[in-house]
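Me: I would like to go through a structure step by step. Could you show it first?

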Amino acid sequence: MRSPADRRIPWERVARGVALAIVALVLLRTVLAPDAAAVPAVHVDATDDLSAQARDSLVARARAGDAVTWSGEVAAIATVAEPLRDPSARTTILAVSDGALALGDSLGAIDSLPAGGGAITASGLRGPVRVGEGRTGASAAAPMPSTPGRVLVLGRVGWESKFTIAALEEAGWSVDARLRLSDTVRLTQGDARTQALGAQAVVVALDTALGAEASALLRFVRAGGGLVLSGEAAGAPSLAGVAPARPGTRQEGGQGAFDAQEPLQALPLRPLGSLRAESVVLERREGTITVAARRVAAGRVVQAGYDETWRWRMQGGASGARDHREWWSHLVAAASGAPTDGGRGTRAGTGALPVGSLDGSAPRATLVQRLGPAVSVAPPTPPAPRALPAWLGIITLILLVAEWASRRARGAA
Amino acid sequence: MTTPRERLASARRAFGLAASVRGVGVAGASALAVLLTATLVDALVGMPMPLRRLILPLAVAAGGAALIAEALRRIRPALRASDEALALWFEQRLPSLRYALVTAVDPQVASVPPSIMREVEETPLEPEVRRATRRLLLQPLALLAVVTLALLAAPDGAIARVTAPRAGDALARAGEASRAARDPLATIVVRVVPPGYTGLGATSIDDPSSVTALAGSRIVVEGRGDGVTALLESREIAPAQRDGTWRIAFDVPPRAAGLRLRGPARERVLVVESYADSVPVARLDAPTRDSVLRSARGAVALRADLRDDHGLADAAFEYIVSSGAGETYTFRSGRVGARAFAAGAREGRIEGTLLLDTLRLAPGDLIHLRALARDRNDVSGPGQGASETRTIRIARADEYDSVSVDPMPPTEPEKNALSQRMILLMTTELRDRAPRIGSAAVERESRRLAVEQTKLRKRVGEVIFVRLSEDQGEHAHFAGDGHEHGAEKPLDPDQVLAAAQRAANVDPTRQLEGEGDETPVVAINKPLLEAYNHMWRASTELETANPAGAIPWMQRAIEALQRARAAERIYLRGRPPRVVVDLAKVRGTGREKSAPPAREARAPLDADRAARLARFDALLGSIAADPLAAADSLLLLRLSLPGSDRAAAQALDAAADAVRRGGDVTAALQRARRSLAGAPVRQDGLSPWGR
Amino acid sequence: MPDFTFATAQYDSGDWDSAPMVPANIIDSVARYTGIDVASVGAIVPLGSRDLFKYPLVYLTGHLPVRFSDAERSTLKEFCARGGLLFIDDHNHDVDGQFHRTAWEEVARAVGPLKDLPNDHALFKAFFRFPDGPPTTSHELNGWGDNLVHKHLQAVLEGDRIAILYSSKDYSSEWNYHPDNKRFLSVDNTKFGVNLVVYALSR
């Protein structure tokens, strides 16, 4: 007859077995669980604007072998800030996007741009310029203002040359001039050194009687100089080879157009036609091309069909003088090449980013370039081993204590 | 012998009086407490003027509220307490009465036993009344005394800052002396004393960054403490020291200048700028226009209206009589209708009569007439204003058939040119809006403009009709008009216009030349006819909902109206001989040669703009670290602006004030930057050529 | 259209056309000495009209008092600000005369006070050289006017450019003859007029 103590022995074994089974199960799950840390996967939702540091960190992890993916609504914005190639010390911020954009710098908002993008020209920018659409923003460094080159005006003594030079000088350009006063007398400005074509960034030609200077001008343009052809010079046969278009016959301006605040309508015009394939139209008047430009080798040629633009300054509305000045400055800037210096520098003390960097200037493009295209759905991640319920541990403990107590009660070791 | 009821009535009066005194005391204490609190708050943080203006009404309101509360809670119950209630109150405090008093005043007890009456009479009630009154008054009167003493202990002017705030009381703020001991430039007050002739009183400004004053004003800058020196431009100004206050006085400089105040702890800049006293404005109401008279007889009535910003001194009509011809001109001048104005007169009128008979005028003589007014400016003046000049000419005998013997015609073309310009602007606007508003709206608005255009054309037509009819009436001539004199039926407007067009004998849609030997009548009417025709073409285009097509015709109409307007002026001579130089013949025949020197470059319009922007950029970095220094930098930057840039000057003043005050200065700095750098220029879409 | 048209200002208070041959004479001289594309006939432009802005150099003279209307005053101010040059010559050559007094007053009201122009100013070497400043005229000492030789011209400057040039030297009388008669002169007395035109066209 088995004593009650002996009858507990099978139960003790059962308890021990169950406890050992639970321990074995834990060990087994630990051994057999997938190694999640072996190839870590990172997925970010970039809907909220990622900082440059966050992007760099993700790129670093991707290059270290981590599987880095991203998703989210990141607007396709690109922006760049360039110094305007004129003496105004202004900066043009170019930005493109599908949506409307707000522009600002460290001092606050500057302006906005409609969907599709555009350009804002401003001065006095401080720190990086931020261009934002919704929660996405792009940034570009505010560059140092450019130092514009010299301008040489060639023409004859008359109102057009006087007021063209005046407009450029008032706008801050350094102007040299050679103006025909008679067949033998020239009115000059600047000395022989500064008047040399090599010293000039842009030449403004207002007269057809260029003579021997025409061939030198062609060489100047091909070597990278800028040329503005206006007035009679727009149709100068000796420069036709580099002109963006061929001017037509002169049309008188509209009577009363100055009164109607449409000064460009009032100016005499030689409409530009027969546009060369590589030419770009810069300005039109009621469908007629008035200003066109083209690149010739390393240089640029801008051709304006307007004549007697000085009338704009004298007869234009309240802002006639200013508008005439800015129009001429813009025309010369369009013909001038890259800034002579300083355009790629950073602004001391303003925390600016290097201009050439893509970081921040096109956030979506940067993400795609560095991390690949966005994924529509986050990739499945291996399930983490599910933790065993706590009560299994308690049961195991109870079982082991009970088994030990039973054994001790029946005198076993 | 007093009855119990009489004794209770006396007690009631005593309680009522005490409650009333308490009410007044509580009210006064409340009001004074508000003032005391405001004075303390002002001493600690310096309350702005608008807030300080509210303090006195607030104190009165607090006192009033307390008085009402006391009236409801104590005064009214005390005065209206019944004998029974008062008797119970005494019984509660004097148990020895054993309800004798209550019984004595109980109306239901017909006859009170003498023993009870005796007991009441033997018990004194007054000590209880005095005790209760004392309790009632002690607390509020003590509070009132404490608050009053505290207020009396406040420095001079500190209470006035909250009770009667005024500009210029910044130095009276409590604690100012200790603040000034650390920094005598912490608070300044500027007093502007206008020149005496204006009759204006002095004005004060608390802690300004810039001051603008009438030229000739005296500026007094004051502050507490000592050790301050001042430099106005390069001139040192010694401060006067009195009663712990420094004071600097100087005349406002003619151009904007910076007053540099130097204290032991720091510097401070104050921008001082003057504005000029405007010269009087004179408007000659009579005669209304230039005239050519057939003979120098009669009187010309003169009348002028005058205005000045600070007061007129005197005014008169001035005339100059010119006689002669060729190189032998003589001139006489004089004044009529002179009048002096009383001090402070800012508007006035002068009237007079010019007797032509007394001027000994001869044919061909000219009288130039105008009104002159002087102001009381004894600093930079007197400022003298003049009206437009009217010319009266005595015609020569050989001029009588010329149009110039008529008075100057009214200026219809001028008015019509304005109207036409307005219609043109509206049409231009419609053309620009057309793609957005749809064809139906364009048609509707275009027709509306066509109606306006037609109305204007009719008006011009009437002018021409009237003139041509007058010419017929006066048998006036104009070149090639083909007009036959004699008894004729009057023409209707269309016939007159047709005749005039035939007279012009050109395509009405083309510009008519005003050259040649035409009479002024034709010179006036020809352009009007042109304008009339151009308007007809414009209205036709508008009728067909083609605003773009109407614009060139409107522009031509304006141009023609302007020529008509120019032709309406009467000039003293006819056209000079027309000499055509034979350029081909003389070109290059000059014997003397020249070698003109090189042209000198014109200076940029604002060469310092970039430097100013750089300075602005640099000072932004110092705002957080040293806002007061940054504010001074903003003011110095403002002084470097061209005098004409008022907008930028105001923006920088505002930015300096904002920086000095502290808080969020972003908006003020943005405005300042925009004023210095100009508004950004936006270009929608990207150009293929770049910028 | 020619580059340059000589314009005479027409104002309503005085004898604006008192020197009718001056324009032709200056046009003649400009053509003689320079290659400037000049119109063969002068223009007349009302001082208060917008047409003034078509002629950035305008000549004004007369004997009688000069009184500008408000329109003339504001037009003149704008004309100078935009780059125009008004040459005023006192046909009386009399600094005590009414033309002088009123013209100075009106110029001061419209644009600013007239001040002496230094005799080494660019105007005096813009084409021909006048080292002693403005050339003297034969009319300055002709018994009329103030009988003074005026050492200086006066000007109102806009920046470093002449906006109003004022002369008491009576060039209006000196140049008021038919250009064909120039052949009788041993020295051309209109050369300063060429300087004025070249200066206006180039500065």
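Me: How many helices and strands does chain A have?
Reply: Chain A has 10 helices and 19 strands. Helices (H or I, at least four residues) and strands (E, at least two) are DSSP runs, numbered from the N terminus. This is a predicted model, in which local features need pLDDT of at least 70 and side-chain atom pairs count only at pLDDT 80 or more, while totals for chains, interfaces and linings use all residues. Residues are numbered from 1 along each chain as its sequence is written, and chains are lettered from A and ligands numbered from 1 in the order in which they are written.

Me: What percentage of chain A counts as buried?
Reply: Of its 413 residues, 46% count as buried. A residue is buried if 20 or more other C-beta atoms lie within 10 Å of its own, exposed if 12 or fewer, and partly exposed in between, with C-beta atoms placed from the backbone.

Me: Which residues of α5 in chain A are buried?
Reply: In helix α5(A), residues 213-222, the buried residues are A:L217, A:L218, A:F220 and A:V221. They lie on the same side of α5(A) because they cover an arc of only 160 degrees around the axis. The arc is that of the directions from the helix axis to the C-beta atoms.

Me: Which residues are buried in α9 of chain A?
Reply: They are A:P363, A:T366, A:L367 and A:L371, in a helix that covers residues 363-371. Seen down the axis of α9(A), these buried residues fall within an arc of 100 degrees, so they line one face of the helix.

Me: What do they pack against?
Reply: The buried residues of α9(A) pack against α2 (52-63), β2 (67-71) and β9 (136-140) of chain A.

Me: New topic: how many residues of chain A are in contact with chain B?
Reply: 44 residues of chain A are in contact with 40 residues of chain B. Two residues are in contact if their C-beta atoms, placed from the backbone, lie within 7 Å. β7(A) supplies the largest share of the side of chain A that touches chain B, namely five residues.

Me: What joins β7(A) to chain B?
Reply: Four bridges join β7(A) to strand β20 (residues 681-684) of chain B, and the two strands run antiparallel. Two strands pair if DSSP finds at least two bridges between them. A:G118 stands opposite B:D684 in β20(B).

Me: How many residues of chain B are in contact with chain C?
Reply: Here 38 residues of chain B are in contact with 42 residues of chain C. β17(B) gives the most to the side of chain B that touches chain C, with three residues.

Me: Last topic: what is the mean pLDDT of chain B?
Reply: The mean is 82, and 85% of the residues of chain B reach 70 or more. pLDDT is the predictor's confidence in each residue, from 0 to 100.

Me: Where does pLDDT stay under 50 in chain B?
Reply: One such stretch is residues 400-412 of chain B, for which the model has 21 contacts beyond four places in sequence. Another is residues 503-523 of chain B, with 41 such contacts.
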